[in-house]
Amino acid sequence: MMSVFFSCGDKKEPRSKEEVVAPSQIVPVDQAKNMYDNYSKRRVPLIQQYEDSINREQNIGKEFAPSRFVSYDYKTIKQYIAYIEQEAKKANVDISTLRFYFSNYPDKPFFENKDSILHPRQNSIMLSPTVQKGDQDYLFYIGGSQEKQEAILLSDNFEELKGIGSSQEKLKSYASSVPSFTNPSPIIYAGTSVTMNRGGNSPPPQK
C-alpha cells in the first residue's frame with residue numbers, strides 16, 4: 001500500500017523537446033559582416049550613382065538612399081508559410097523551395113491596379129514558393145475551378161507557362177489571357193497569388 005501511495009505521488013518530469021539542429025546554411029557573424037560590407041562597397045555606390053543621376057535630371061535636390069534590407073514581422077512570416085502550405089494542399093501539390101527574388105519598385109506612386117507604392121525606385125525582395133515537375137522547380141499560382149483548384153506553373157520571370165500539365169489546358173477554356181492576381185470569382189478562380197512583397201524597406205540603420 002505504501003509503495004503504491006508513494007509511486008502515485010511521484011511527479012514525472014515532462015520530456016524536454018528535442019533541440020533543433022542548426023541548418024547547415026547558418027553563417028558566422030564575421031562572415032555575414034564580410035558579405036554586408038562587400039555589398040556596401042561593390043553595389044551600393046553603383047545604385048546611388050545611377051539614382052542620383054535621375055534626381056539631378058528631375059531637379060530633386062537630395063541624395064538617393066539605397067535600401068539595405070527588407071523586414072517582415074515574425075508573425076507575418078509564420079502566417080505566410082501557413083498560407084502557402086494551405087493553398088498548395090488545395091491544389092494537391094508539395095512546395096519544393098521558397099525563392100527570394102530581387103526586385104525594384106517603379107518610379108511612380110501606384111501600380112496599375114491602384115496599389116500604393118510606398119518606396120518608389122527602392123530595391124526589394126519577393127517571396128514565392130515553387131513546385132517540382134520532373135527535375136525542375138517552377139513558380140506557380142492557384143487557378144482552376146471552385147471544385148478543383150490547381151497549381152498553374154510560371155516561368156522564372158513570372159510568365160505563365162503554356163502546355164505544361166493539364167492545368168493550363170483547362171484554364172484556356174476559362175480565360176483567353178493571363179489572369180490577374182485578384183480574389184477568385186464564385187465559380188472560376190481567376191488566379192490566387194502565393195507571392196509576397198510589401199515588406200519594410202530601409203537604408204542602413206543610423207549609427
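Reply: The largest nonpolar core in this predicted model has 15 residues. Those with the most contacts inside it are Tyr 80, Leu 127, Phe 140, Ile 142, Leu 153, Val 194 and Met 196. In soluble globular proteins, nonpolar side chains tend to be buried together.

Take Val 194 as a way in. Val 194 touches Tyr 80, Tyr 83, Ile 84 and Glu 87, among others. Its contacts also include Leu 127, Ser 128 and Pro 129, plus Phe 140 and Ile 142. Sequence neighbours up to four places away are not counted here.

A second core is separate and has five residues. Among them are Tyr 101, Leu 139, Tyr 141 and Ile 152.

Now the second largest pocket. Its volume is about 390 Å³. There are 14 lining residues, and the closest to the pocket's centre are Tyr 39, Arg 68, Phe 102, Ser 124 and Ile 125. The lining draws at least two residues from each of α2, β1 (69-71), β2 (95-104) and β3. It divides into nine nonpolar, four polar and one charged.

Helix α2 (residues 29-42) also packs with helix α3 (residues 44-57), at an angle of about 35° and with the axes 4 Å apart. From α2, the contact uses Tyr 39, Ser 40, Lys 41 and Arg 42. From α3, it uses Val 44, Pro 45, Leu 46 and Ile 47. Five of these contact residues are nonpolar, one is polar and two are charged.

Definitions and conventions. Residues numbered from 1 in each chain as written. Predicted model: local features only at pLDDT ≥ 70, side-chain atom pairs only at ≥ 80, totals over all residues. Heavy atoms only, no water. Core = buried A, V, L, I, M, F, W, Y, C linked by side-chain atoms within 4.5 Å. Buried < 20%, exposed > 50% of the residue type's maximum accessible area, 1.4 Å probe, protein only. Contact = heavy atoms within 4.5 Å. Axes fitted to C-alpha atoms, helices over the stretch in contact; angles between N-to-C directions. Nonpolar A, V, L, I, M, F, W, Y, C, P; charged D, E, K, R; others polar. 1 Å grid on protein atoms, 1.4 Å probe; cavity = no way out; pocket = protein on both sides within 12 Å on 5 of 7 lines; lining within 4 Å. Points joined across faces, edges and corners; volume = space filled by probe spheres on them.
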